[in-house]
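Me: I want to learn to read helix packing and nonpolar cores. Where do we start?

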Amino acid sequence: MSRKAAMVFAASAMVLSIYHLLPYLTNPTSYLQQSSTSNLRSTFQNNIKMEGVASIKLSTSESAASQCLPRPQYLPLPPDNLHNCSLPYVSMNNGGRLGNKICQYMSLALLRSVFGMRVAILENMNKNLREIFPKLSLPVEDPKCFHGTTSKDNFSTLYKKLSVQNSANGRALVDSKLPPYPLSESVYIDDNPCPWYILLPLRDQLRRELVFHDTILNKAKQQLNHAVKSLLNNATKNITIITVHVRRTDYLNYIKVNYKLTPLKKNYFQRAFKFFRHRVASPVFAVSSDDPEWCKDNIMDKDVVFVGTKDSVMDMALMSLGDHHVITYGTYGFVGAFLGRGLIVYPDNKDRPTFPCLNSTILQSISRN
């Protein structure tokens, strides 16, 4: 086997690994059935190491190309620029609820990683997120080094503008010239971005930063531990935790109005459960939802347990503990699965793809009908 083929195979194997989750579990032995590695390739030109990401490539279909942002090429931020208060920067709207706020933070982190620019989070975003994630690294906007934004833009438009400059800068690097700073004025992003298909290759990097506070994580582990033990009658065995997030209530009307979609039925979840039952040893499906009664009436089974708490932070921490994930719609569910590890199963909409811009072994679609 060539060195390149060996590296590709090793990357694929990372997705298939199952790690320790709860203190009472022994070394796990469940493995996903391995898919072909013949078409695996790195997404980014600098071959960033992405643990748990086996095969990621941006879609090249004409329909997707019109709505998908271009593939990033990384230009690291020179250390001196971090503290150069004369340089323009980007700040971000802090609207929406928990899932939106985390996505906004990750989008700023992405801009810094991809384009090498200064960014800053607003004080209220810092207040909202730092008590949940104490390891946040992005600086907080202040008058000493961040002198206020002079223009507004949405994320996609700014990203496309920077991508054009980035391509030119890449050519400059080939000529051994220092690339120019990508911004001429400070910008405030006024929408609520969640560019999942660009964030996914940074999953492992962002997971190391968006680590829940010990108090939150310990409570989540205890909650999950108790629920699993109750389901298994205190048996200690090798299991694979599959978190399941069921978004209903407010989202039922939202997807009807905006996407012409009907609520997901239990058939979707049954297919998703079957997908994992055929691929891992001893799966346990840990469900959280804003509609627990619907879940208890429709998707409970001998290997399914409800673990939700109606606390959005706690339920997201529970999701992050999963080996793999089943999600429905909405930013919250995606972020919870993103902060976990392994595969993310999502409902397939043939007329309106949920994830149209990326082909990845991490994302597995299941028919919603």
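Reply: Start with handedness. A crossing is left-handed if the near helix is turned anticlockwise from the far one by less than a right angle, and right-handed if clockwise. Helices are DSSP runs (H or I, at least four residues), numbered from the N terminus. The crossing of α4 and α5 is left-handed. This is a predicted model: local features need pLDDT of at least 70, side-chain atom pairs need 80 or more, and totals for chains, interfaces and linings use all residues. Residues count from 1 along each chain as its sequence is written, and side-chain values use heavy atoms, without hydrogens or water.

Me: At what angle do α4 and α5 pack?

Reply: Axes are lines fitted to C-alpha atoms, for helices over the stretch in contact; angles run from 0 to 180 degrees between N-to-C directions. α4 (residues 98–115) and α5 (residues 123–130) pack at about 115°, axes 11 Å apart. That makes α4 roughly perpendicular to α5 (65 to 115 degrees).

Me: Which residues of α4 and α5 meet?

Reply: Contact means heavy atoms within 4.5 Å. L98, K101, I102, Q104 and Y105 in α4 meet M125, N128 and L129 in α5.

Me: How many residues has the largest nonpolar core?

Reply: A nonpolar core joins buried Ala, Val, Leu, Ile, Met, Phe, Trp, Tyr and Cys residues through side-chain atoms within 4.5 Å. Buried means under 20% relative accessible area (1.4 Å probe, protein chains only). The largest core here has 75 residues, and L111 and F212 have the most contacts inside it. Its largest share, 11 residues, comes from α4. A second, separate core of 26 residues includes V246, F273, F306 and V345.

Technical notes. Helix = DSSP H or I, 4+ residues; strand = E, 2+ residues; numbered from the N terminus. Parallel < 35°, antiparallel > 145°, perpendicular 65-115°, else oblique. Buried < 20%, exposed > 50% of the residue type's maximum accessible area, 1.4 Å probe, protein only.
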